[in-house]
Amino acid sequence: MSIQSVLQELKNVNYSVISEYIIRRISEYITESGKNGGIIGLSGGIDSSVTTVLLSKATQNYFILLMPSSSTPQKDMEDAKKIINMIGANNKYKIINIDTILESFKNEIKTNDKLVLGNIKARIRMILLYAYSQIMNYLVIGTGDKSELLLGYFTKYGDGGVDILPIGDLYKTQVRELGRYLGLPEDIVTKPSSPALWEGQTAEGELGVSYDIIDAVLYLRVEKMMDIDSIAKELQINVDIVRKIDRMVKTSQHKRLPPEIFRLSGRAINSDWRYPREWI
């Protein structure tokens, strides 16, 4: 089995059924939460573009924030505007440049470390989304996909700080195909993923592995439950690449779970006890 054959198997899902299900669940979740709608941060990348289109189909009550910084490529802003025009949201968005906010943090912490500042950017965006969500009584709609969630390739309490993750069970490969199904412009569908937290940043460049390989490995490891050596042999790739991806999943587990409460009593929260449903 080659990488391409694994990806083809991954792609072979019913995108009509998937999109209808996600749209219905977004709508139901908003209603069940007692909220008036949903707010989303749109970057112009494939994940946020697909999720924004799905949100616009789930409810008329949605709002979009574009939150560029000096490291945001002009192409990303242009692509975000394409999505806004595509869904007819010209009166449902706001642009907030976050450079001034970032500068105030930078002055306080006295650092030029791009990783530190990049994570602050992601958390500034989270704060803005939640501020607007509280004002509007909206849910914050997350845009993370399964590949990036598994790898831990997101900022804890940044782009990971959301209320729901509608495409969180779709691999990047599947999100791109869903984008095609939804009629997104091809240049957005095929655009290299990047958080654009600093100039020149790309996801694949930072991860050191292409998403084709990442998705093939994750699919065989997570869905097919194959061992590391078997995956390397199956895909005909170096076993160290599989080990690297597997290690990223394991070491990022803390980012996908609520903070662990060390158990000292018989009923510690977030261990093996939950508030009984019959008490509600």
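Visitor: In which helix is the place of His254?
Guide: Bear in mind that this is a predicted model. The UniProt annotation "binding site", from an unreviewed entry, covers His254 along with Arg123, Lys156, Asp163 and Lys255. His254 sits within residues 253-256, which form helix α14.

Visitor: Is His254 buried, partly exposed or exposed?
Guide: The relative accessible area of His254 is 46%. Buried means under 20% and exposed means over 50%, with partly exposed in between. His254 is therefore partly exposed.

Visitor: And how does Lys255 count: buried, partly exposed or exposed?
Guide: Lys255 also belongs to helix α14. Its relative accessibility is 21%, and the cut-off for buried is under 20%. So Lys255 counts as partly exposed.

Visitor: Which backbone oxygen does the side chain of Lys255 reach?
Guide: Leaving aside residues up to four places away in sequence, Lys255 touches Gly152, Phe154 and Lys156. The side chain of Lys255 comes to 2.6 Å from a backbone oxygen, that of Gly152.

Visitor: Which of the two is buried, and which is exposed?
Guide: Asp169 has a relative accessible area of 56%, so it is exposed. Lys146 has a relative accessibility of 12%, and under 20% means buried. The exposed residue is Asp169, and the buried one is Lys146.

Visitor: Which helix holds Glu223, which also meets Lys146 in a salt bridge?
Guide: The side chains of Glu223 and Lys146 meet at 2.6 Å, N to O. This pair ties together parts that are 77 residues apart in sequence, because Lys146 is in helix α7 and Glu223 is in helix α11 (residues 211-223). Glu223 is partly exposed, at 35%. The helix you asked for is α11.

Visitor: By about how many helical turns are Asp240 and Arg243 separated?
Guide: Asp240 and Arg243 form a salt bridge, with their closest N and O atoms 2.9 Å apart. Asp240 is partly exposed at 47%, and Arg243 is partly exposed at 38%. Because they are three residues apart in helix α13 (residues 239-251), their separation is about one helical turn.

Visitor: Which residues are linked in a network of salt bridges?
Guide: Here the salt bridges join up into a network. Its members are Lys75, Asp76, Asp79, Lys82, Asp187 and Lys191.

Visitor: Finally, what do the buried residues of α6 pack against?
Guide: Helix α6 (residues 114-136) has 23 residues and spans 33 Å from its first C-alpha to its last, close to the expected 33 Å. Its buried residues include Leu117, Ile120, Ile124 and Leu128. At the start of α6, a side-chain oxygen of Asp113 is within 2.8 Å of the backbone nitrogen of Leu115, and just after the helix Asn137 has a positive phi of about 60°. The buried residues of α6 pack against β1 (37-41), β2 (62-66), α5 (99-109) and β4 (138-140).

Methods:
Residues are numbered from 1 along each chain as its sequence is written. This is a predicted model: local features need pLDDT of at least 70, side-chain atom pairs count only at pLDDT 80 or more; totals for chains, interfaces and linings use all residues. Side-chain values use heavy atoms; hydrogens and water are left out. Helices (H or I, at least four residues) and strands (E, at least two) are DSSP runs, numbered from the N terminus. The expected span of a helix is 1.5 Å times one less than its number of residues. Buried means under 20% relative accessible area, exposed over 50%, partly exposed in between (1.4 Å probe, protein chains only). Contact means heavy atoms within 4.5 Å. A polar contact is a pair of N or O atoms within 3.5 Å; within protein, one must be able to donate a hydrogen and the other to accept it, and residues adjacent in sequence count only if both atoms are side-chain atoms. UniProt positions are given in the numbering used here, feature names are shortened, and annotations may be inferred rather than shown by experiment. A salt bridge is a side-chain nitrogen of Lys or Arg within 4 Å of a carboxyl oxygen of Asp or Glu.
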